[in-house]
Amino acid sequence: MKALEERIRKDGIIREGNVLKVDSFINHQMDIRLFEEMAKEWKRLFAGKPINKVLTIEASGIGIAAIVAREFDTPVVFAKKSKSINLDDDNYTTKIQSFTHGRVYDVIVSRKFLGPEDHVLIIDDFLANGCALMGLLELVEAAGATVEGIGIAIEKGFQQGGALIRAKGIQLESLAIIESMDESGKIVFRE
Ligand code: 5GP
């Protein structure tokens with residue numbers, strides 16, 4: 001999506017460790033007009049799919065997913081991170097390794113909000129190694145729900161996540177795919 005690529009070029013900051021900071025329009029301050037354009041693009045890309053729920057993970061996916069859910073006219077559920085959980089029957093749980101912090105989180109979704117009747121669109125801000133998405137896929141599977149697709153704002157195409165997800169045969173639509181980036185600020189997008 002051209003508008004997102006241009007915004008990354010203009011306002012993205014590349015940090016060591018292959019981290020792209022997009023704090024001025026996604027991860028701290030949020031550009032809702034841009035999110036609306038992104039949501040419309042996913043609506044077009046997933047047209048015809050019987051999506052009745054949007055799923056994301058806290059915290060940074062929530063803003064985008066909320067705007068997407070309005071576009072699809074569905075509820076949005078966010079998986080909650082917690083450092084220690086009581087294993088109970090009320091929640092689906094999994095573990096996710098955080099790309100940005102290195103820590104492993106327990107992640108939960110209440111059984112009340114995800115079940116076999118759900119056709120889910122997963123939304124997140126970044127795709128790097130795919131840990132966050134693999135965890136969300138596990139939760140959807142545990143719920144007996146169906147994954148209709150995954151929408152990612154920024155995929156770092158030089159990391160393994162995209163290939164892992166596509167190998168599963170899931171429709172993955174990343175609106176900007178970074179082929180390479182370096183700390184001098186040079187970014188190459190996949191055509
Ligand atoms: P993965 O689980 O695919 O390795 O990483 C995805 C998660 O890590 C995303 O939910 C995002 O919050 C965070 N993340 C991964 N790479 C970046 C990055 O370059 N910049 C930012 N801001 N977040 C990232």
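The protein chain exposes about 9,700 Å² of surface, of which carbon and sulfur atoms supply 49%; accessible areas come from the Shrake-Rupley method with a 1.4 Å probe, and for residues only the protein chains shown count as cover. This is a predicted model, in which local features need pLDDT of at least 70 and side-chain atom pairs count only at pLDDT 80 or more, while totals for chains, interfaces and linings use all residues. Residues are numbered from 1 along each chain as its sequence is written, and side-chain values use heavy atoms, with hydrogens and water left out.

Turning to the overall fold, the protein chain holds 6 helices and 10 strands; these are DSSP runs numbered from the N terminus, with at least four residues for helices (H or I) and at least two for strands (E). The C-alpha trace spans about 50 × 35 × 30 Å along its principal axes. For 191 residues, a compact globule would have a radius of gyration near 16 Å, and the 16 Å of the protein chain agrees with this; the radius is taken over C-alpha atoms, and the globule rule is 2.2 Å times the number of residues to the power 0.38. Buried residues make up 48% of the 191 residues, where buried means under 20% relative accessible area, exposed over 50% and partly exposed in between (1.4 Å probe, protein chains only). Of the contacts (heavy atoms within 4.5 Å) with a separation of 6 or more, 60% are between residues 24 or more positions apart.

Just after H4, Asp73 takes a positive phi of about 60 degrees.

Two loop residues are worth a visit. Asp118, in the loop between strand E6 (104–110) and strand E7 (119–127), is buried, with a relative accessible area of 3%. Its side chain joins that of Lys53 in a polar contact of 3.3 Å, a term for a pair of N or O atoms within 3.5 Å; within protein, one must be able to donate a hydrogen and the other to accept it, and residues adjacent in sequence count only if both atoms are side-chain atoms. Leaving aside residues up to four places away in sequence, Asp118 touches Asn52, Lys53, Phe113, Ala145 and Thr146. Ser184, by contrast, is exposed, with a relative accessible area of 66%, and sits in the loop between strand E9 (172–181) and strand E10 (187–189). A polar contact of 2.4 Å links the side chains of Ser184 and Asp182.
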